[in-house]
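Hi,

Here is the structure I promised to pass on.

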Amino acid sequence: MTAAPLRLIQVGAGAMGRAWLRTIADNPDVELVALVDLNTAAAEQAAMEHDAAGIVITDSLEDAITRTAPDAVVDVTVPVAHSVVNITALRAGLPVLCEKPIAPTVADAREQARVAEETGLLLMTSQSRRYYRALSRFRDQIRALGAVGSVSTRFFKAPHFGGFREEMRHVLLVDMAIHAFDAVRYLTGSDPIAVVCVESNPPWSWFAHGANAVAVFEFEDGSTFTYDGSWCAPGDETSWNGSWFVSGEHGTATWDGDGDPVLTGSVELAHTPASGREEIAGALEDFVDAVRTGRTPDTEVHANIVSLAMVEAAVLSAEEGRRVLLAEVLGS
Ligand SMILES: NC(=O)c1ccc[n+]([C@@H]2O[C@H](COP(=O)([O-])OP(=O)(O)OC[C@H]3O[C@@H](n4cnc5c(N)ncnc54)[C@H](O)[C@@H]3O)[C@@H](O)[C@H]2O)c1
């Protein structure tokens, strides 16, 4: 027997909201019943462009919930609005899939985690860059290397977004680096204990603050992770996933973030083709399965807080010019 599609309310109809509208439309396991945005004209326009003309459009999540009897909420608003949207949905009895970062601060994320515990409902972050078949292959290769000594990621891009990113502080660390920070935990299965970070903003930067950052993390397994990135780096740009190099006991594993990862050394790995949807479509598929089965996904809010804490610890280190323990920001 096939289950009925999950009835979804999407909150946020901006740039990423449009990508979510397409993704929801492409997945037969979900059905969009309402689109909420403070800017209802933008929501109407986005709905029309994505063949979702008959759905409820409103500027109030409460109103949408009352009018549509939904099963879940997808939150694609800006990071500062995530908390109010997610908590409203959870308190109304609805599980939530929220765009990264789940919150601008660890304290804010912990409050959301507390409400998720209280309500017993799933609050999951869409860490879309976890859902790459090449990434899961890369993880298999890293596991085959034995103990990991060091991991490094270079991320060099030159996007002109306009909007909130060009005005915010710590833009690279807060808005982008979380993808790599989260990915390294997924790849190595280890968690960080401390970080030293230096931020800068090159003279030609079109961002107000922190377009460049170098962060070195120490991990609990004794390995190090170095992130070297820039968001105003025209020229030989890396992929959006960054360029990865892992040195382990039995060799190296490298990935350019686009193609197949490469394993070099005294190890062999059988090729097992991975399946499943990629990027936000993969996150949505994972969310639907978790809601239906009660399984806890890897990016459930409690686990995701460690990735967020990596960002906050790196920001604190850059601001105060010192080594910061993750425990300081996790409050543990
Ligand atoms: N996974 C990825 O690769 C990826 C890529 C880009 C953006 N994102 C994330 O997606 C989110 C949205 O980014 P964006 O680029 O679409 O931003 P955006 O500014 O283009 O759109 C955000 C929309 O949310 C609406 N909004 C804000 N507060 C609201 C509230 N309280 N209630 C209802 N609507 C509200 C705004 O009116 C706007 O239309 C961010 O968290 C961002 O980090 C993820």
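Before the rest, some ground rules. This is a predicted model, with local features needing pLDDT of at least 70 and side-chain atom pairs counting only at pLDDT 80 or more, while totals for chains, interfaces and linings use all residues. Residues are numbered from 1 along each chain as its sequence is written, and side-chain values use heavy atoms, leaving out hydrogens and water.

On the overall fold, the chain has 10 helices and 14 strands (DSSP runs numbered from the N terminus: H or I of at least four residues for helices, E of at least two for strands). Its radius of gyration is 20 Å, close to the 20 Å that the globule rule gives for 332 residues, so the chain is as compact as a globular protein of that length. That radius is taken over C-alpha atoms, and the rule is 2.2 Å times the number of residues to the power 0.38. Along the principal axes, the C-alpha atoms fill a box of roughly 55 × 50 × 40 Å.

Now the domains. Domain 1 covers 6–129 + 279–300 and domain 2 covers 133–268 + 309–330, with bounds from an automatic or database domain assignment. Their C-alpha centres are 27 Å apart. Where they meet, 11 residues of domain 1 are in contact with 14 of domain 2 (heavy atoms within 4.5 Å). About 1,100 Å² is buried between them, with carbon and sulfur atoms giving 53%; that is the accessible area (1.4 Å probe) lost by the two parts on being put together, summed over both.

One salt bridge is counted between the two domains, meaning a side-chain nitrogen of Lys or Arg within 4 Å of a carboxyl oxygen of Asp or Glu. Asp175 forms a salt bridge with Lys100, with the closest N and O atoms 3.9 Å apart. Lys100 also turns up in the backbone: the peptide bond from Lys100 to Pro101 is cis, with omega near -15°. Pro101 lies in the loop between β5 (96–99) and α5 (106–119).

The whole structure has 18 salt bridges. Among them, Asp29 pairs with Arg292, closest N and O atoms 3.7 Å apart. Asp29 is in the loop between α1 (15–25) and β2 (30–36) and Arg292 in helix α8 (residues 279–293), so the pair ties together parts 263 residues apart in sequence.

Cheers
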